[in-house]
Amino acid sequence: MSFSIAIDGPAGAGKSTIAKTLARKLGYIYVDTGAMYRAMALYIIRENIKPEESDKISIASKNANITIEYHKGEQIVILNGENVNPFIRSEEVGNMASVSSANKEVRLKLVELQRQLAAKADVIMDGRDIGTYVLPEADIKIYLTANSSVRAKRRYEELTQKGIQCNIEEIEQDIIERDKRDSNREFAPLKQARDAVLVDSSNMTADEVIDTIINLVKSE
Ligand code: C5P
């Protein structure tokens, strides 16, 4: 049986940074489920479908074949044969993903892929519904959060370091809206699993969060 660690939480809580480092330290595979929803969103944008056209999104999702490969430990998302990693981090794709991820057909398709990956290897999987829906039997479940102003500040620093101009208030507003959409959708919403450990990183460094989770793994 493979071992699985589920890390869920709202946008910008640092899930991917933490999960990536943990995967390297523990020798597990890191599965970034947000990247899959982003690849699906990219397909929807390329098909000229609007976020509110939910029937068209359901149909389009059937034609988007999404698979995952790993190169030197990095997850590569393949959309209909194309490596789309260079295209999925834009604001446009993120905004579409936040809406199209509420679509049931989109979720069912990607959840199947996520479960297949977890069945094959020891994984650290991050997302919104991993502990509650994708892997309800995960060995360790973490709900990683931080208050919205801390999350906005971290995102602001990340973007300005890359030379991208941005406004911290707008970032925080955007984070709050994404959280609302994720938490209020009907199917597999964002919420803390009953058996998940809550880690509030508002006043913690990344290293402190990593040590906390490694201690949980050791005590298993
Ligand atoms: O985590 P990331 O920002 O890359 O995810 C993009 C979008 O995909 C999120 O805004 C969220 O709405 C959605 N998502 C989801 N369920 C997951 C992972 C991501 O609904 N397991």
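Visitor: Which residue stands opposite Val123 in E6?

Guide: Ile29 stands there. This is a predicted model, by the way.

Visitor: What makes strand E2 and E6 a pair?

Guide: Two strands pair if there are at least two bridges between them. Strand E2 (residues 29-32) and E6 are joined by four bridges, so they count as paired, and they run parallel.

Visitor: How many bridges link strand E1 to E6?

Guide: Five, again in the parallel sense. Within that pairing, Ile5 stands opposite Ile124 in E6.

Visitor: Why is strand E6 called mostly covered?

Guide: Look at its residues, 123-127: five of the five are buried. A residue is buried if 20 or more other C-beta atoms lie within 10 Å of its own.

Visitor: Why is Leu113 called partly exposed?

Guide: Count the other C-beta atoms within 10 Å of Leu113, and you get 16. Buried needs 20 or more and exposed needs 12 or fewer, so Leu113 falls in between and is partly exposed.

Visitor: Where does Leu113 sit, and what is it in contact with?

Guide: Leu113 belongs to helix H5 (residues 104-120). Leaving aside neighbours within four places in sequence, Leu113 is in contact with Met36 and Ile66. Thr67 is 46 residues away along the chain, yet the C-alpha atoms of Leu113 and Thr67 are separated by 7.5 Å.

Visitor: How do you know that the buried residues of helix H3 are on the same side?

Guide: In H3 (residues 54-63), the buried residues are Ile57, Ala60 and Ser61. They cover an arc of only 105° around the axis, and therefore they lie on the same side of H3. The face turned away from that side carries the exposed residues Asp55, Lys62 and Asn63. As for what covers the buried ones, H2, H4 and H5 are included.

Visitor: Which residues come nearest to the ligand?

Guide: Of the 14 residues around the ligand, those are Gly34, Tyr37, Ser101, Gly127 and Arg128. H2 gives the largest share of the shell, four residues.

Terms used:
Residues are numbered from 1 along each chain as its sequence is written. This is a predicted model: local features need pLDDT of at least 70, side-chain atom pairs count only at pLDDT 80 or more; totals for chains, interfaces and linings use all residues. A residue is near a molecule or strand if its C-beta atom, placed from the backbone, lies within 6 Å of it. Helices (H or I, at least four residues) and strands (E, at least two) are DSSP runs, numbered from the N terminus. Two residues are in contact if their C-beta atoms, placed from the backbone, lie within 7 Å. The arc is that of the directions from the helix axis to the C-beta atoms.
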